[in-house]
Amino acid sequence: MNNISMKLNADELILSALKEDITSEDITTASVMREYKAGEVELICKEDGIIAGLGVFARVFELLDETTEISFNCKDGDRVRKGELLGVIRGDIRVLLSGERVALNYLQRMSGIATYTRAIADLLEGSHTKLLDTRKTTPNMRIFEKYAVKVGGGYNHRYNLSDGILLKDNHIGAAGGVKEAVMMAKEYAPFVRKIEIEVENLDMLREALEAGADIIMLDNMSVEDMKEAVRLAKGRAETECSGNVTRENVARLVDIGVDYISSGALTHSAPILDLSMKNLHTI
C-alpha cells in the first residue's frame, strides 16, 4: 500500500477509527501527561508470524502528529519471531499513548491475516492453483484485510460488487436458471468483464459451460465431482473451488487441478498476531 493509496483510501478510515476511540479526549493520558514531553516506545513481537500493516500502524501516529518518527527493523511480508524488536516510535508521549490501541489493532489484525494466508499458501506451493480471498471482510476493513492477504501470499478476488460479475445461487434463482443468468449477464455487462457463476453439481456445470461462462465456481462439491468438473471445463472455462476452505482441510484440494481456491476464512477466521508496545520512556 503506497503513500498515494494510503492518503486516497486509508486515511479517512484510520481517522474514523481514531474518532471511535477518542470522542472528546484521552482522559487517562491527559491526567498523567499535562504537556508535551518527547518519548519513545518499542514495538515488540510476542509470537511468530508474518508482519503486515506497518504503513497503517505508522499512519495512525502521523495523523495524530505529523512530526512523529517511526523506524522499523522489518518490512511487510517478513517472517517475525517472538521477542523480536520490530521498531521504535518517537514523539509526543501523549500521541504515543493515545494512538497505541488503534495502531496495534490494525497491525495485529493485518498480521494475523497475513500469517494465516501464508500457512495455506505454503500448502499449495508447487501447484498451479492460486489462493483467493472473498468479500467476507470486516466492515470498513476491506482495504486493509485484502492487502494483508496479498502480503501473506494470496491473491485478491473481486474487491467489491462493482469490480466483477459473480452469479451466485440467489442470482440464478432471480434469473430463472443457470443459462438465463449467464445470458443476461452477457447482455448487460461490458465485453471486457469476465462472467463467473457458482454451481453446486455437474448438471449446473454443464449448463454453465454451454452458456459460455468464463469462470465456474465449484461450491461445496465432493472431491470426485470437482475432479470431473475440472476435466469437463478444461479449455472452456477456468475453475474455482469454494466452500468452507480452511488451513485444516485445504490439503485435500491440492491435487484437484482447479485454477483457484477461494477461502473466506483468510479474513473472517484468522486470529490476530500478538504484538505489543512496551518500554515507553522520555528522551
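In which helix do E62 and R59 both lie, and how many residues apart are they? In this predicted model, both residues belong to helix α3 (residues 54–64), with a separation of three residues, or about one turn of the helix. An α-helix has 3.6 residues a turn, so residues three or four places apart point the same way. The side chains of E62 and R59 meet in a salt bridge, with an N to O distance of 3.3 Å. R59 counts as buried because its relative accessibility, 16%, is under the 20% limit. E62, at 29% relative accessibility, counts as partly exposed. D11 belongs to one network with R59 and E62, joined by salt bridges that share partners.

Over the whole structure, a search finds 14 salt bridges. Side chains of opposite charge can pair when their charged atoms come close. One of the salt bridges is formed by the side chains of R90 and E40, at 2.8 Å from N to O. This pair links distant parts of the chain, since R90 is in strand β5 (residues 85–92) and E40 is in strand β1 (residues 38–45), 50 residues apart. E40 is buried, at 18% relative accessibility, whereas R90 is partly exposed, at 29%.

A further salt bridge involves D48 and R81, whose closest N and O atoms are 3.7 Å apart. D48 is located in the loop between β1 and β2 (49–50), and R81 in the loop between β4 (79–80) and β5, so the pair ties together parts that are 33 residues apart in sequence. D48 is partly exposed, with a relative accessible area of 44%. R81 is also partly exposed, with a value of 45%.

S98 is placed in helix α4 (residues 93–124). The residue is buried, because its relative accessible area of 14% falls under 20%. The side chain of S98 makes a polar contact of 2.8 Å with the side chain of D26. A polar atom of the S98 side chain also lies 3.0 Å from the backbone oxygen of R94. When residues up to four places away in sequence are not counted, S98 touches I22, D26, T29 and L64.

In helix α9 (residues 223–233), the buried residues are V223, M226, A229, V230, L232 and A233. These residues pack against α8 (202–211), β9 (215–219) and β10 (238–242). After α9 comes G235, which has a positive phi, near 80°.

How values were computed
Residues numbered from 1 in each chain as written. Predicted model: local features only at pLDDT ≥ 70, side-chain atom pairs only at ≥ 80, totals over all residues. Heavy atoms only, no water. Helix = DSSP H or I, 4+ residues; strand = E, 2+ residues; numbered from the N terminus. Buried < 20%, exposed > 50% of the residue type's maximum accessible area, 1.4 Å probe, protein only. Polar contact = N/O pair within 3.5 Å; in protein donor to acceptor, adjacent residues only side chain to side chain. Contact = heavy atoms within 4.5 Å. Salt bridge = Lys/Arg side-chain N within 4 Å of Asp/Glu carboxyl O.
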